Amino acid sequence: MRHASFIARTVFVHNNDVEAACRILNRILGREDILDQFRRTRYFEKPFQFRRRINFERCKAIYNEDMDRKIQFVLRKNRTDPFPGSL
Amino acid sequence: MLRNGLYNLLKNLSISENGVQENVRTLVTSLTRCRDVVDRREMLRSLPKPDEGTVGERTMDVDSSIHERTDRFPDIDTPNRLFNGIAFKDLPVFNIRVSPNNTIINVTDAKGVPKILRSCGIEGFKNTRKGTNIAAQATAITIGTKALEKGIKTVRVRVRGLGPGRMSAIKGLQMSGLQIISITDSTRVSWCPPRPRKRKKL
């Protein structure tokens, strides 16, 4: 993971709004699994822990995906005005 | 006529339509070409395969902020862009080293020659009090004012590590009156690290 410094993982601050920049940076780091990997490699992960974590993540991903689909299915609608009669 | 039908089919089958989260743009990696349909087999081949696998098998979530047309992120011209008359690559750097137990802030010039160093321990916080966000903020404010006395005004910030001082150190630097141009994360992360130490017993 060697990249040009101040090019990779860099966010510019606009209008002195440091917090917004930090939020963007942290969101990207979180989404890309960089922070999780950092935390995970602080201590050695024994093979049984690795196995359990991977299995758990797999199950969670399947559950989340199906749940998302279910929610989309329940929330689907085919009308122009979702709340007819209300202003 | 046939082409219109194909467009509608494509629209109905579009993978990006099911399960799109807010603030996320879906990138479809499968090739969807539009060509003149000659026969049925050709038409079937041009259709995207129905995706019944997991999310991420053929589609990928890309952070939507990356596609916004704002100069939030550096590009090729960034090193030579001027900030207050100084090129980006020549701006002094504030290195913030955050750990669970301490926060160390080090000012270097663009070449990496250290100028000032200050940590929560030097600041007077001892033992567990070092590893607090208040200590980090106080340290950041002192080092910021010191840097201002030396004539350092416009800076880049580089943060490494995770800990309670991560956010508050940056905030403290801003409170001391420095103009922060960019925030970089240089946390050292490896996907094939040497074996780390054993886990702590609980």
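**Exercise 1: Strands across the interface**

In this predicted model, β1(A) pairs with strand β9 (residues 179-185) of chain B in the antiparallel sense, over three bridges. Identify the bridge partner of A:Thr10 in β9(B).

*Solution.* The partner in β9(B) is B:Thr184.

**Exercise 2: Extent and make-up of the interface**

State how many residues of each chain are in contact, and describe the side of chain A that touches chain B by class.

*Solution.* 
Step 1. Chain A contributes 41 residues, which are in contact with 50 residues of chain B.
Step 2. The area buried between the two chains is about 4,300 Å², and carbon and sulfur atoms give 59% of that area.
Step 3. Between chain A and chain B, twelve residue pairs are in polar contact.
Step 4. On the side of chain A that touches chain B, two or more residues come from each of β1 (10-12), α1 (18-31), α2 (34-40) and α3 (47-75) of chain A. The largest share, twelve residues, belongs to α1(A).
Step 5. By class, this side of chain A holds 20 nonpolar, nine polar and twelve charged residues.

**Exercise 3: Salt bridges between the chains**

Determine how many salt bridges cross the interface of chain A and chain B, and name the residues.

*Solution.* 
Step 1. Side chains of opposite charge can pair when their charged atoms come close.
Step 2. A salt bridge requires a side-chain nitrogen of Lys or Arg within 4 Å of a carboxyl oxygen of Asp or Glu. By this rule, two salt bridges cross the interface.
Step 3. A:Arg9 and B:Asp185 form a salt bridge, at 2.5 Å from N to O. Both residues also belong to a network of salt bridges that includes B:Arg166.
Step 4. B:Lys171 and A:Glu19 form a salt bridge, with their closest N and O atoms 3.8 Å apart. B:Lys171 lies in helix α5 (residues 165-175) of chain B and A:Glu19 in helix α1 of chain A, so this pair joins two chains.
Step 5. B:Lys171 is partly exposed, at 31% relative accessibility, and A:Glu19 is partly exposed at 40%.

Key: Residues numbered from 1 in each chain as written. Chains lettered and ligands numbered in written order. Predicted model: local features only at pLDDT ≥ 70, side-chain atom pairs only at ≥ 80, totals over all residues. Heavy atoms only, no water. Contact = heavy atoms within 4.5 Å. Buried area = accessible area lost by both parts, 1.4 Å probe. Polar contact = N/O pair within 3.5 Å; in protein donor to acceptor, adjacent residues only side chain to side chain. Helix = DSSP H or I, 4+ residues; strand = E, 2+ residues; numbered from the N terminus. Nonpolar A, V, L, I, M, F, W, Y, C, P; charged D, E, K, R; others polar. Pairing = 2+ DSSP bridges. Buried < 20%, exposed > 50% of the residue type's maximum accessible area, 1.4 Å probe, protein only.
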